[in-house]
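Hello,

Here is the structure I promised to pass on to you. Have a look at it first, and then read my notes below.

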Amino acid sequence: MYAVVARFELRPESAEEFDALARWRIAEAAAEEPGLVAYAIHRVDGEPLARVFYEIYRDRDAFAEHRATPQTAAFLARHAPYVQGPPRMELLEPLHTAGRLGGDPPRVPFPLDRTTTGREA
């Protein structure tokens with residue numbers, strides 16, 4: 001599994017246009033990219049002009065395939081007038097996962113600190 005977080009800061013007058021472009025992009029990814037596990041676009045609470053894309057891919061190769069699609073090229077070519085600059089991108093490799101994204105984590109004891117909890121570790 002491989003994930004990407006990209007944060008965009010929008011221009012005040014173009015949030016609707018960016019959101020429409022983002023809806024198109026996510027629909028295209030869902031329809032055309034078999035290595036895509038999940039793709040979500042979020043509005044940041046308290047920051048009406050911030051958008052965060054959260055993308056999960058089967059592996060690095062699936063992310064590379066995503067980057068090479070004509071739809072990604074079209075999104076990258078069209079989004080610039082709607083944003084205040086390049087997105088902040090973070091590429092993520094999982095350390096632990098649970099639930100539908102990768103199974104259950106191993107059961108390990110919670111490391112309690114006796115001095116702050118009053119309970120034994």
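This is a predicted model: local features need pLDDT of at least 70, side-chain atom pairs count only at pLDDT 80 or more; totals for chains, interfaces and linings use all residues.

**What I found**

Residues are numbered from 1 along each chain as its sequence is written, and side-chain values use heavy atoms, with hydrogens and water left out.

**The sheet**

I count two strands as paired if DSSP finds at least two bridges between them.

The 4 strands make an open, antiparallel sheet in the order β2-β3-β1-β4. Its edges are β2 (36–44) and β4, each of which pairs on one side only. On average, neighbouring strands are turned by 10° against each other, direction ignored. For angles, axes are lines fitted to C-alpha atoms (for helices, over the stretch in contact), and values run from 0 to 180 degrees between N-to-C directions.

Strand β1 (residues 2–9) has two partners. It is joined to β3 (residues 47–57) by 8 antiparallel bridges, with Y2 opposite Y57. Another 5 bridges, again antiparallel, join β1 to β4 (residues 88–92), and here A6 stands opposite M89. Strand β1 is mostly covered, with 6 of its 8 residues buried. By "buried" I mean under 20% relative accessible area; exposed is over 50%, and partly exposed lies in between (1.4 Å probe, protein chains only).

A contact means heavy atoms within 4.5 Å.

Helix α3 (residues 70–79) has Q71, T72, A74, F75 and H79 as its buried residues. These sit on the same side of α3, because they cover an arc of only 160° around the axis. The arc is taken from the directions between the helix axis and the C-beta atoms. As a reminder, an α-helix has 3.6 residues a turn, so residues three or four places apart point the same way. The buried residues of α3 pack against β1, α1, β3 and α2. On the face turned away from them, α3 carries the exposed residues P70 and A77.

**Salt bridges**

I score a salt bridge when a side-chain nitrogen of Lys or Arg lies within 4 Å of a carboxyl oxygen of Asp or Glu. By this rule there are 7 salt bridges.

R7, E9 and E47 are linked in a network of them. The side chains of E9 and R7 meet at 2.5 Å, N to O. E9 counts as partly exposed, at 33% relative accessibility, and R7 is also partly exposed, at 24%. E47 bridges to R7 as well, with the closest N and O atoms 2.2 Å apart. That pair links distant parts of the chain: E47 lies in strand β3 and R7 in strand β1, 40 residues apart. E47 is partly exposed too, with a relative accessible area of 34%.

Another salt bridge joins R60 and E93, where the closest N and O atoms are 2.2 Å apart. Here R60 is in helix α2 and E93 in the loop between β4 and α4 (114–117), 33 residues apart. R60 is partly exposed at 48% relative accessibility, whereas E93 is exposed at 52%.

**The chain as a whole**

The protein chain has 4 helices and 4 strands, in the pattern β-α-β-β-α-α-β-α along the sequence. Of its 121 residues, 31% are buried. Among contacts with a separation of 6 or more, 67% are between residues 24 or more positions apart. The chain exposes about 8,300 Å², with carbon and sulfur atoms supplying 54% of that; accessible areas come from the Shrake-Rupley method with a 1.4 Å probe, and for residues only the protein chains shown count as cover.

Best wishes

Key:
Helices (H or I, at least four residues) and strands (E, at least two) are DSSP runs, numbered from the N terminus.
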